[in-house]
Amino acid sequence: MIFITEGLSASGSITKSRNVDTQAVFSLRGKPLNCYDLKKEIVYKNEVFNLLQAALNIEEDIENLRYNKVVIATDADVDGMHIRMLILTFFLQFFPDLIRQGHLYILQTPLFRVRKKNMATYYCYSTEERERAIQKLGKNPEITRFKGLGEISPEEFSGFIGEDIRLDRVRITQEESIAELLEFYMGKNTPDRQLFIKGNLRQDVIMEEKMDEIPAEMLTN
């Protein structure tokens, strides 16, 4: 598999803890371009996307793909989710068969570490898991919120990308219109998308940030 990360800081722990025989890392440089409604030529002019398609070896044919699993590994905050959307847009726009053939995944990493020295440490992927861990440990446990992948030490990260790795496969059906999906989520229908985001905003730790703190760019493209 290959992990697509958002910069050197985020990729540091993965690079140090990965299995070098089976896991590669591709670090993005800066925020990717929103390539919705752009022509394929833009890929060759954009350094990040040109290097990415070359690393995956999919320029000519998906059958040449070097990795069975292409894993998007971004931070668990609004900026990380925006970058995730931009990468998904790139693959949907130019390489939809990568998704249809089941090669694209999202890496899930813990949002919290809850621990008490000399007792136990729990890594929690949701607020519900956090609350259960607190109940097990009793009063005043140490709680760490991981917002960036770079905040997780290599020693800890090795446990999240090994045998117990949590991956969510990105799925689209043959019947789904990619053009309509991209038009709604990445097009210029800003008012409709703002209403959709406000109406479907998840009320959990992933979107703890207040609505007025979400970058305007995320609402507009």
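In which hand, left or right, does α4 cross α8? In this predicted model, α4 passes α8 in a left-handed crossing.

**Packing of α4 and α8**

- Helix α4 spans residues 78-94 and helix α8 spans residues 178-186; their axes lie 11 Å apart, at an angle of about 155°.
- Because angles over 145 degrees count as roughly antiparallel, α4 is roughly antiparallel to α8.
- On the α4 side, the contact is made by Met 85, Leu 86, Thr 89, Leu 92 and Gln 93.
- Their partners in α8 are Ile 178, Leu 182, Tyr 185 and Met 186.
- Sorted by class, the contact of α4 with α8 comprises seven nonpolar residues, two polar residues and no charged ones.

- Within helix α6 (residues 127-137), the buried residues include Thr 127, Arg 130, Ala 133 and Leu 137.
- These residues sit on the same side of α6, because the arc they cover around the axis is only 115°.
- In general, an α-helix has 3.6 residues a turn, so residues three or four places apart point the same way.
- Strands β5 (112-116), β6 (120-124) and β7 (142-145) are among the elements that cover the buried residues of α6.
- Gln 135 and Lys 136 are exposed, and they are carried on the face of α6 turned away from its buried side.

Key: Residues are numbered from 1 along each chain as its sequence is written. This is a predicted model: local features need pLDDT of at least 70, side-chain atom pairs count only at pLDDT 80 or more; totals for chains, interfaces and linings use all residues. Side-chain values use heavy atoms; hydrogens and water are left out. Axes are lines fitted to C-alpha atoms, for helices over the stretch in contact, and angles run from 0 to 180 degrees between N-to-C directions. Helices (H or I, at least four residues) and strands (E, at least two) are DSSP runs, numbered from the N terminus. Angles under 35 degrees count as roughly parallel, over 145 as roughly antiparallel, 65 to 115 as roughly perpendicular and the rest as oblique. A crossing is left-handed if the near helix is turned anticlockwise from the far one by less than a right angle, and right-handed if clockwise. Contact means heavy atoms within 4.5 Å. Ala, Val, Leu, Ile, Met, Phe, Trp, Tyr, Cys and Pro count as nonpolar, Asp, Glu, Lys and Arg as charged, and the others, Gly among them, as polar. Buried means under 20% relative accessible area, exposed over 50%, partly exposed in between (1.4 Å probe, protein chains only). The arc is that of the directions from the helix axis to the C-beta atoms.
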